[in-house]
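Hi everyone, thanks for coming. Let me put the structure up on the screen, and then I'll walk you through it.

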There are 2 protein chains.
Amino acid sequence: MNKVFDALSHPIRREVLELLKSGGMTAGDLADRFPVSKPTMSGHFAKLKEAGLIQGENRRGSVVYTINMSTLEEALHGFMGRVGIGSAPDAVSQRDGLNGKEST
Amino acid sequence: MNKVFDALSHPIRREVLELLKSGGMTAGDLADRFPVSKPTMSGHFAKLKEAGLIQGENRRGSVVYTINMSTLEEALHGFMGRVGIGSAPDAVSQRDGLNGKEST
DNA sequence: GAATCATTTAGGCATTTAGCTAAATACCTA
DNA sequence: TAGGTATTTAGCTAAATGCCTAAATGATTC
């Protein structure tokens, strides 16, 4: 949760998630959409990955990143619940399933 | 929106919002709940205020902070909409309406 | 194996952040 | 006005962040 909100604090990282919402993209294609260098983007990907918000898969010499919606939903709905915002909690159910890092 | 997510990136600041969800609290009472100095807390309040998430009102020698739910809801629901999370906007009940800033 | 493309790591620099103590300000009460 | 409480500002340090270029790694193809 801490790591998720930390990752969400940078506008580029939030935009990356928006781009990934409709499907996977390679690191290079993602990087081309932002006015910073590829190494800088690589750092942003690392932070998103560390938060469990995306994952990368090697495909023919490229890395395809995909969003991890459940981590994002869990964090946002969880926080909204705590501050008393109606948040459609029907998706919050899964808890330790597939990607529940957040340990570090 | 940038400022809201920036403000939400620190766990103390998120907890402050949780504490304020059920009513206003003085800066001192809030500060007593966290293991950092009062000046440090004052800095956190300033950041929350700058993001439009809280406001302070002077009352008898103290400052009572209250949460600004609409700013928080607008930012969270706005982002959730962009990443395609069902955000149940029916719960956006406009508690005290009339402060749709977000001029960031 | 060599060339090439894609991505990450390394190293460096400037800025921001989070924390502290000490001091200043503001506000209330006697 | 003086004293006391509440909060913020000032000034500092240490660490983290965000960015860069250059180099290293990995994977593909010839």
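So, here's a question to start: how many Å lie between a polar side-chain atom of A:Arg60 and a phosphate oxygen of DNA strand D? The answer is 2.2 Å. I'll call that a polar contact, meaning a pair of N or O atoms within 3.5 Å; within protein, one must be able to donate a hydrogen and the other to accept it, and residues adjacent in sequence count only if both atoms are side-chain atoms.

Quick housekeeping. This is a predicted model, where local features need pLDDT of at least 70, side-chain atom pairs count only at pLDDT 80 or more, and totals for chains, interfaces and linings use all residues. Residues are numbered from 1 along each chain as its sequence is written, chains are lettered from A and ligands numbered from 1 in the order in which they are written, and side-chain values use heavy atoms, with hydrogens and water left out.

Now strand C. Its phosphate oxygens sit 2.6 Å from a polar side-chain atom of A:Tyr65, 3.1 Å from one of A:Ser42 and 3.2 Å from one of B:Lys47. Which elements give two or more residues to this surface? From chain A, they are α3 (27-32), α4 (38-50) and β3 (62-67), and from chain B, α4 (38-50). These names come from DSSP runs numbered from the N terminus: helices are H or I with at least four residues, strands E with at least two.

And how confident is the predictor about chain A? Its mean pLDDT, the per-residue confidence from 0 to 100, is 87, and 83% of its residues reach 70 or more. Over residues 89-104, though, pLDDT is below 50, and that stretch has 20 contacts (heavy atoms within 4.5 Å) beyond near neighbours in sequence.
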